[in-house]
Amino acid sequence: MKFKTAALILLSAFFIIGCGEDEKSGIKTKEYSYFYESEGQLKGLTKNETVYLPVYSHVYTSEEKYEPMGITLSVRNTDANMDLVLKEISYYNTGGELIETYVSKPHILKAMASIDFIVDLRDMRGGSGANFIVKWAGGDKLSTPVIQAVMVNNSGNRAFSFITNGHNVD
């Protein structure tokens, strides 16, 4: 009985330790086998791009009314053979002020893998002119990733949903 209790406590401790939290932003990060922090694998990356992605934490339905929107930022590595490096992902509000940094250190996104970052429906800090900046890198022959956001609100008997696409600003 003591062995089972000790094993349960030990497993619980490993589970709690395994759910990390980003030191800068307080955002809880998940561990994925297809998205992980780079360990010096940045040499030879000749392609470096910055993508601007417009998003909306709310949309106006009239001059004085608006609907909050949940945001899902999706980064999709479209290359079947090469890994993508996400160097930075930052979220800015309508006034251009940094709200959150979702990725502050280079991370590898495996070939054909996708990763999502969520802004909760109740998080109105971004405003109607919010945006993400996504900085990525890869080898010379890496195909361009697809970077999109989906905004959704399905409160009551109404539903709103739309996507926006990222634009290279380099």
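Val150, Val152 and Ile163 together form a nonpolar patch on the surface, with about 210 Å² of accessible area. Areas here come from the Shrake-Rupley method with a 1.4 Å probe, and for residues only the protein chains shown count as cover. Patches are made of residues with over 30% relative accessible area and no salt bridge, nonpolar side chains (Val, Leu, Ile, Met, Phe, Trp, Tyr) being joined within 5 Å and like charges within 9 Å; a salt bridge is a side-chain nitrogen of Lys or Arg within 4 Å of a carboxyl oxygen of Asp or Glu. Val150 belongs to strand β13 (residues 146-153) and counts as partly exposed because its relative accessibility is 31%, where buried means under 20%, exposed over 50% and partly exposed in between (1.4 Å probe, protein chains only).

The model is predicted: local features need pLDDT of at least 70 and side-chain atom pairs count only at pLDDT 80 or more, while totals for chains, interfaces and linings use all residues. Residues are numbered from 1 along each chain as its sequence is written, and side-chain values use heavy atoms, with hydrogens and water left out.

Of its 170 residues, 35% are buried. With contact meaning heavy atoms within 4.5 Å, 74% of contacts between residues at least 6 apart in sequence join residues at least 24 apart.

Strand β4 (residues 47-54) is largely enclosed by the rest of the structure, because six of its eight residues are buried. Pairing requires at least two DSSP bridges between two strands. β4 pairs with β12 (residues 131-138) in the antiparallel sense over eight bridges, and Thr50 stands opposite Lys135 there. β4 also runs antiparallel to β15 (residues 167-168), to which two bridges join it; in this pairing, Tyr52 faces His167.

A further point of interest is Asn77, in the loop between β7 (70-76) and β8 (84-92). Asn77 counts as buried because its relative accessible area is 2%. Its side chain reaches the backbone nitrogen of Asp79 at 3.0 Å, and a polar atom of that side chain lies 3.0 Å from the backbone oxygen of Met82. Beyond its neighbours within four places in sequence, Asn77 is in contact with several residues, including Leu84, Leu109, Met112 and Leu142.

Terms used: Helix = DSSP H or I, 4+ residues; strand = E, 2+ residues; numbered from the N terminus. Polar contact = N/O pair within 3.5 Å; in protein donor to acceptor, adjacent residues only side chain to side chain.
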